[in-house]
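Student: I would like to learn how to read a model feature by feature. Where do we begin?
Tutor: Look at the sequence and the model first.

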Amino acid sequence: MRKYDYTVQLPLPFVDVVKEEKQEPAKRVSIVNMKLVREKTIMYKNRRIRSPHDAYLLMKEFLGDMDREHFVVLCMDTKNQPICIQTVHIGSLNASI
């Protein structure tokens, strides 16, 4: 086994240290958790979404005659079968920010 000599100091590259003149107070960051809860179900007779028109018919059945704009996510599996529909945001009369 080799013995190493640790008395020699290795040269380190010169690092320019920048001093902060004003230090801002720490900011508290919220840690949140989002859980999906099944609220209700609807029956989809076509079983699979094969075209944008099929998605339109499903969304038309889900939304009905809503009076506000909704931002909705339609989740599907690899066989294009709808798994869930989630309303992400409900906006005003003609916009969802």
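**Reading the model**

Tutor: The cover over the buried residues of α1 includes β1 (70-76) and β2 (82-90). Helices (H or I, at least four residues) and strands (E, at least two) are DSSP runs, numbered from the N terminus. Buried means under 20% relative accessible area, exposed over 50%, and partly exposed in between, with a 1.4 Å probe and protein chains only.

Student: What kind of model is this?
Tutor: This is a predicted model: local features need pLDDT of at least 70, side-chain atom pairs count only at pLDDT 80 or more, and totals for chains, interfaces and linings use all residues. Residues are numbered from 1 along each chain as its sequence is written, and side-chain values use heavy atoms, with hydrogens and water left out.

Student: How many helices and strands does the protein chain have?
Tutor: One helix and two strands. From the N terminus on, their order is α-β-β. The protein chain has 97 residues, and buried residues make up 8% of them.

Student: How do I read the contacts?
Tutor: Contact means heavy atoms within 4.5 Å. Take the contacts in the protein chain with a separation of 6 or more: residues 24 or more positions apart account for 33% of them.

Student: What span does α1 reach, first C-alpha to last?
Tutor: Compare it with the expected span, which is 1.5 Å times one less than the number of residues. Helix α1 (residues 52-63) has 12 residues and reaches 16 Å, close to the 16 Å expected.

Student: Which residues of α1 are buried?
Tutor: Start with the general idea. An α-helix has 3.6 residues a turn, so residues three or four places apart point the same way. In α1 the buried residues are Asp-54, Leu-58 and Met-59. They cover an arc of only 130° around the axis, so they sit on the same side of α1. The arc is that of the directions from the helix axis to the C-beta atoms. Pro-52 and Lys-60, on the other side of α1, are exposed.

Student: Where is Glu-61, and what does it touch?
Tutor: Glu-61 is in helix α1. Glu-61 counts as partly exposed because its relative accessibility is 44%. Leaving aside neighbours within four places in sequence, Glu-61 is in contact with Ile-42 and Met-43. Glu-61 and Ile-42 are 19 residues apart in sequence, with their C-alpha atoms 8.6 Å apart in space.

Student: How do I read phi?
Tutor: Most residues other than glycine have a negative phi, and most peptide bonds are trans. Arg-47 is not a glycine, yet its phi is positive, near 70°. Arg-47 lies in the segment before α1 and is exposed, with a relative accessible area of 60%. Asn-80 is not a glycine either, and has a positive phi of about 60°. Asn-80 is placed in the loop between β1 and β2.

Student: Is Gln-81 buried or exposed?
Tutor: Gln-81 counts as buried, because its relative accessibility is 19%. Gln-81 is found in the loop between β1 and β2. Not counting residues up to four places away in sequence, Gln-81 touches Arg-47, Arg-48, Cys-75 and Met-76.

Student: What does Ser-96 contact?
Tutor: Ser-96 is in the segment after β2. Its contacts, neighbours within four places in sequence left aside, are Glu-69, Phe-71, His-89 and Gly-91. C-alpha to C-alpha, Ser-96 and Glu-69 are 6.1 Å apart in space and 27 residues apart in sequence.

Student: How much space lies in the largest pocket?
Tutor: Rolling a probe the size of a water molecule over the atoms shows where empty space is left. On a 1 Å grid over the protein atoms alone, a pocket is an open set of points where a 1.4 Å probe fits, with protein on both sides within 12 Å along at least five of seven lines; lining residues have an atom within 4 Å of a point. Grid points are joined across faces, edges and corners, and the volume is the space filled by probe spheres set on the points. The largest pocket holds about 960 Å³. It is lined by 24 residues, and Lys-40, Thr-41, Ile-83, Cys-84 and Ile-85 are the closest to its centre. The elements giving two or more residues to this lining are α1, β1 and β2. β2 gives the most, six residues.

Student: How does the lining of the largest pocket divide by residue type?
Tutor: Into 14 nonpolar, five polar and five charged. Ala, Val, Leu, Ile, Met, Phe, Trp, Tyr, Cys and Pro count as nonpolar, Asp, Glu, Lys and Arg as charged, and the others, Gly among them, as polar.
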